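Here are a few notes to read alongside the structure, written for someone new to this kind of work. Take them one at a time and find each part on screen as you go.

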Amino acid sequence: MTAQKTSEPVRHTPMMQQYLALKAQHPDTLLLYRMGDFYEMFYADAEKAARLLDITLTTRGQSAGQPIRMAGIPYHALEGYLGKLVRLGESVVICEQMGDPASGKGPMERVVSRIVTPGTLTDASLLDERKDVWLLALARARQTFGLARLNLASGAFILTEVPEADLSATLERLRPAEILLPESLELPFFGRVGSSTAAQTRRPDWHFEAENATALLCAHFKTHSLAGFGAEHLGPALAAAGALLQYAQATQARALPHVEAMQVEEESRYLGLDTATRRNLELTETLRGQAAPTLFSLLDTCVTSMGARFLRHALHHPLRDPEIPAARQAAVANLSEEYGHLAKTLRVALKGQADLERIAGRVALMNARPRDLSALRDSLAGLPALSEPLRQNASPLLTALCVDLEIPAQVLALLQSAIASEPAALLREGGVIASGFDAELDELRALNDNCGAFLMDMEARERERTGIASLKVEFNKVHGFYIEVTHAHTEKVPDDYRRRQTLKNAERYITPELKTFEDKALSAQEHALAREKRLFEEILTRLQPEVRRVLRIARAVAELDMLAAFADTALARDWRQPEFTATPGLGITAGRHPVVEGEMAASGENFIANDLALTDERRLLLITGPNMGGKSTYMRQTALMVLLAHIGSFVPAERALLGPLDRIFTRIGASDDLASGRSTFMVEMTEAAAILHHATPMSLVLMDEIGRGTSTFDGLALAFAICRHLLEKNASLTLFATHYFEMTRLAGEYSRFANVHLDAVEHGERIVFLHAVEEGPANQSYGIQVAALAGMPSGVLKNARKELRDLEQKAADNSRQPDLFSTLPPRLEPEPHPALEKLAHLTPDTLTPREALETLYALKEMLE
């Protein structure tokens with residue numbers, strides 16, 4: 001791309017002309033411009049950087065008659081500042097100076113060396129080691145969205161297409177770091193879901209043209225078509241993939257050799273979790289946005305960062321088909337035998353494994369650092385400690401992982417011979433290439449390292465040759481190397497000595513041999529560093545064909561680490577292996593909430609385990625009981641055990657039997673959405689509507705206190721209607737918690753409906769929650785007792801008890817009256833009806849009997 005011309009380019013200094021030309025190519029990105037020992041930013045970039053980084057903003061000199069606003073950072077502190085900028089969602093262009101600054105031949109040339117964006121990070125110092133970084137591109141075709149995502153560190157390139165209704169949930173599942181969007185595409189829901197944390201980068205619409213994308217992808221993969229990837233039927237996903245590949249190549253300023261394939265992902269492969277469910281179950285962050293306590297924080301005892309990332313991905317991608325989860329559970333059972341002896345052995349060996357996945361990515365991009373290669377060498381050398389214990393009595397999955405852990409002998413041999421045992425952190429520091437690998441480098445190092453020995457040897461030889469016992473061979477920074485002879489012995493100086501300096505009492509000379517050594521010695525360090533750089537780049541080039549193999553090893557290590565962590569958790573917390581069955585239903589014996597139990601155990605408390613039985617004949621459990629009695633915990637633990645089983649973990653229960661499931665839905669808790677103008681009740685109804693539209697007989701549905709955000713009659717009517725819909729239409733496996741005790745009578749209408757409750761007992765003025773699930777409905781809510789626990793003023797509690805007694809008395813009086821619903825006629829006739837007479841003494845002064853009866857009609861219709 002050619003630089004844009006400024007209005008008066010001739011008036012700018014040559015250096016600023018160069019800067020402005022580079023800036024014109026990247027107008028929307030911070031540009032760091034190398035000048036000596038600093039990276040400088042100018043004008044608007046300087047003002048923005050000063051604000052974001054809290055660095056000094058100054059004004060120096062003028063260009064084109066305008067003061068130059070500038071801010072800078074030291075070159076050696078670049079990575080720290082880059083990390084801060086990227087965490088703030090900024091992209092950065094880095095321009096390096098080329099050539100020798102001492103040449104003095106005009107302004108030094110500068111070129112863009114790399115572009116750092118939130119979604120294209122590979123440098124270890126900029127990455128969260130326990131989280132994947134995804135770059136995602138989005139394209140739209142009618143009501144279908146195509147998504148392409150790339151993990152630049154591992155080379156994973158994945159395409160999928162989803163209907164518009166599922167886009168929000170998919171973005172919440174993927175949590176990309178950066179999203180590429182066509183300039184014309186508007187997504188109104190951004191800011192309400194997990195995608196709001198992603199940096200958004202707009203690209204020209206023509207980058208998302210499907211025809212151009214297909215040609216670009218075929219050229220990258222060196223294929224005639226994309227049929228081999230199963231992607232030929234895709235539309236918007238291919239358009240997104242083309243834009244993404246073009247952007248990634250541009251930011252890295254090179255091809256991406258480790259991106260060797262595309263994977264087409266089907267949403268139906270996973271157990272469906274919508275946005276609300278991921279939030280409510282607190283998989284990787286709490287409802288308050290904290291990292292702990294969550295299911296991930298509980299399970300993540302992984303030794304390696306690769307294992308932690310594998311675990312995080314598994315939690316957000318539970319597999320619907322039980323084949324892989326069951327294979328993982330068999331492996332966990334194998335690792336847990338003999339009190340976890342095998343798991344403990346592997347976890348010790350895993351401590352020697354570096355982050356092979358990200359190292360392989362940096363090797364592929366030719367930006368690996370010296371200690372990346374030494375870590376790769378040591379990790380490969382440590383693979384036998386992982387594979388050998390798996391060769392006997394291993395499950396099929398562990399056997400397969402053992403095969404993937406085979407050492408690439410040529411790679412290991414190269415690294416062992418080429419890389420120093422403890423190389424410097426940076427290539428420019430030297431000491432990276434091992435001694436004996438390159439004869440020229442060894443000679444240069446010898447000149448630099450053995451200078452003293454050479455001088456002593458030469459001094460001894462020259463004394464013997466000249467017969468001058470006081471002759472000295474020395475060095476200083478001003479005159480370099482020299483031979484010093486006192487005036488008393490100058491007649492003995494050989495003809496090949498050339499005078500370099502005259503002193504009061506001595507003469508200093510140089511010889512052709514010493515001059516040759518001087519030339520070599522003075523430039524030896526510089527030449528050695530240049531030679532090391534060249535050799536290091538050659539090593540990276542030789543490693544390119546082996547990147548795929550290293551990535552396969554990395555995946556095997558990561559999965560093995562996750563399985564060993566599962567075994568560690570199962571043994572420490574007494575979790576059991578679940579069972580999958582083709583029979584619909586869900587049966588749990590003595591189940592516990594994994595996170596709550598862990599928190600209680602830390603404070604010395606015991607968790608009360610509970611059973612659950614959902615079958616084809618018993619599909620909906622109505623759960624009643626007091627606030628704080630454990631209804632929400634009981635529902636959440638059920639969903640978490642299902643999810644744990646579907647990622648291949650053991651579960652916190654004595655036994656768990658799981659039938660086929662396709663999705664988990666939750667409607668638990670509520671908060672308003674002020675940004676979108678949605679009230680608490682609107683959020684609640686929106687989530688409930690989504691469940692009623694999408695839940696199937698294979699879905700697990702959790703409904704907690706539906707209808708509480710509106711008036712009692714409206715809420716009760718809606719709760720009744722939703723419950724009936726779940727029973728009659730969705731037929732899902734459902735846990736429905738409520739304080740509407742009127743709903744318990746549905747047990748007489750539906751054979752698939754059952755009442756269960758959590759109870760409490762009063763002890764004087766206090767209440768004790770039993771947290772045990774029992775059959776049948778609860779008999780009261782204990783709301784006033786819970787209010788007392790919350791510290792409600794005693795006067796308020798006293799008045800509340802009085803109001804409660806009055807309300808209960810009125811309810812008792814009313815209960816002695818005939819069931820008004822049963823006496824309602826099909827519709828009110830114009831002439832008087834006996835129902836009016838029965839209502840006369842119950843009707844408030846503000847309503848006529850006829851109006852009261854019409855109100856009852858409306859309520860009956862809502863309930864029906």
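1. Let's start with helix H19, which has 27 residues and reaches 39 Å from its first C-alpha to its last, close to the 39 Å expected at 1.5 Å a residue. Please keep in mind that this is a predicted model.

2. Is H19 mostly covered or mostly open? It is mostly covered, as 19 of its 27 residues are buried. Just after H19, have a look at aspartate 574, which takes a positive phi of about 60°.

3. Next, the largest nonpolar core, which has 109 residues. The members that touch the most other members are Leu295, Leu299, Leu373, Leu386, Leu405, Leu563 and Leu700. Helix H19 (residues 547-573) gives the most to this core, with 15 residues.

4. Leaving aside its neighbours within four places in sequence, its contacts are Leu346, Ala349, Leu350, Gln353, Leu405, Val557 and Leu560. There is also a second, separate core of 31 residues, with Leu135, Leu244, Ala248 and Leu256 among them.

5. Now for the sheet: it is open, has 4 strands in the order S14-S15-S17-S16, and its pairing is antiparallel. Which strands stand at the edges? They are S14 (472-476) and S16 (498-502); each has a single partner strand, so one side of each is left without a neighbour in the sheet. From one strand to the next, the twist averages 40°.

6. Follow the chain from S14 into S15 and you will pass through a hairpin whose link is 3 residues. S14 and strand S15 (residues 480-486) run antiparallel and are joined by 5 bridges. Two pairs to look for: glutamate 474 has tyrosine 482 in S15 as its bridge partner, and valine 473 stands opposite isoleucine 483 in S15.

7. On to the pairing of S15 with S17: these strands also run antiparallel, joined by 4 bridges. Here the bridge partner of glutamate 484 is arginine 508 in S17.

8. Why is S15 described as largely enclosed by the rest of the structure? The reason is that 6 of its 7 residues are buried, where buried means under 20% relative accessible area.

9. Finally, find helix H18 (residues 512-543), which lies across S14, S15, S16 and strand S17 (506-510). H18 runs at about 145° to S15.

Definitions and conventions:
Residues are numbered from 1 along each chain as its sequence is written. This is a predicted model: local features need pLDDT of at least 70, side-chain atom pairs count only at pLDDT 80 or more; totals for chains, interfaces and linings use all residues. Side-chain values use heavy atoms; hydrogens and water are left out. Two strands pair if DSSP finds at least two bridges between them. Axes are lines fitted to C-alpha atoms, for helices over the stretch in contact, and angles run from 0 to 180 degrees between N-to-C directions. Contact means heavy atoms within 4.5 Å. A nonpolar core is a set of buried Ala, Val, Leu, Ile, Met, Phe, Trp, Tyr and Cys residues joined through side-chain atoms within 4.5 Å. Buried means under 20% relative accessible area, exposed over 50%, partly exposed in between (1.4 Å probe, protein chains only). The expected span of a helix is 1.5 Å times one less than its number of residues.
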